Amino acid sequence: MKVVTRITFWDQKGEKFFGEGPARLLRGIEAHGSLRSAAMSMDMAYTKALKLMNNAERALGFPLTTRTTGGKAGGGSVLTPEGKAWLSRYEAYAQACEEANQQMFRKF
C-alpha cells in the first residue's frame with residue numbers, strides 16, 4: 001500500500017491550470033529546447049501541450065516560456081526567469097507536501 005500526493009492548481013473559475021503534466025512539459029523544454037520536442041517525449045500532441053502552456057500562463061498572469069518560430073535556424077522555447085522560478089517553487093511545494101503526506105500516512 002502507498003499514498004500518492006498530487007499537487008494541482010485551479011483558477012478562480014474552477015479550471016485546472018497547473019500540475020504534474022505542465023511541470024513535466026517545462027522540464028522537457030529545458031531538456032530539449034522546444035515545446036514540440038518536450039511534448040513528443042511525453043507522447044503528447046503539440047496542440048495539447050500548447051493549450052496547457054497557454055492556460056497556465058493565462059491563469060498565472062506571466063509567460064512561462066519564450067517561444068521562437070521555425071525557419072532556417074529552427075524554432076524553440078526557453079523558460080522565462082518567472083517560469084523557472086514558478087517551476088522551482090512548484091517542485092519544492094510538491095516535495096514538501098509529499099513528505100508531509102508520508103508522515104501523516106505513517107502516523108495514522
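At what angle do the axes of helix α1 and helix α3 cross? The axes of helix α1 (residues 20–32) and helix α3 (residues 46–60) cross at roughly 105° and come within 10 Å.

## Basis of the report

This is a predicted model, in which local features need pLDDT of at least 70 and side-chain atom pairs count only at pLDDT 80 or more, while totals for chains, interfaces and linings use all residues. Residues are numbered from 1 along each chain as its sequence is written, and side-chain values use heavy atoms, with hydrogens and water left out.

## Overall architecture

The protein contains four helices and four strands, where helices (H or I, at least four residues) and strands (E, at least two) are DSSP runs numbered from the N terminus. Along the sequence their order is β-β-α-α-α-β-β-α. The C-alpha trace spans about 60 × 30 × 25 Å along its principal axes.

## The contact of α1 with α3

The crossing angle of roughly 105° makes α1 roughly perpendicular to α3 (a class that covers 65 to 115 degrees). Axes here are lines fitted to C-alpha atoms, for helices over the stretch in contact, and angles run from 0 to 180 degrees between N-to-C directions.

In this contact (heavy atoms within 4.5 Å), Pro22, Leu25 and Leu26 of α1 meet Ala49, Leu52 and Met53 of α3. The residues involved comprise six nonpolar, no polar and no charged; Ala, Val, Leu, Ile, Met, Phe, Trp, Tyr, Cys and Pro count as nonpolar, Asp, Glu, Lys and Arg as charged, and the others, Gly among them, as polar.

## The largest pocket

A pocket is an open set of points on a 1 Å grid over the protein atoms alone, where a 1.4 Å probe fits, with protein on both sides within 12 Å along at least five of seven lines; lining residues have an atom within 4 Å of a point. Of its 19 lining residues, Ile7, Gly19, Glu20, Gly21 and Tyr90 are the closest to the centre.

Two or more lining residues come from each of β2 (16–18), α1, α3 and α4 (81–107), and α4 gives the largest share, five residues. By class, this lining has seven nonpolar, six polar and six charged residues.

## The second largest pocket

The second largest pocket has a volume of about 150 Å³. Its lining includes Ser34, Tyr46, Arg67, Thr68, Gly75 and Gly76, and at least two residues each are supplied by α2 (35–41), β3 (65–68) and β4 (76–79). The lining divides into two nonpolar, seven polar and two charged residues.

Threonine 68, one of the lining residues, lies in strand β3. Leaving aside residues up to four places away in sequence, threonine 68 touches Gly75 and Gly76. The C-alpha atoms of threonine 68 and valine 78, ten residues apart along the chain, are separated by 9.0 Å.

## Salt bridges

The whole structure holds four salt bridges, each a side-chain nitrogen of Lys or Arg within 4 Å of a carboxyl oxygen of Asp or Glu. Glutamate 20 forms a salt bridge with arginine 6, with the closest N and O atoms 3.7 Å apart. Glutamate 20 lies in helix α1 and arginine 6 in the segment before β1 (9–10), so this pair ties together parts that are 14 residues apart in sequence.

Technical notes. Angles under 35 degrees count as roughly parallel, over 145 as roughly antiparallel, 65 to 115 as roughly perpendicular and the rest as oblique. Grid points are joined across faces, edges and corners, and a volume is the space filled by probe spheres set on the points.
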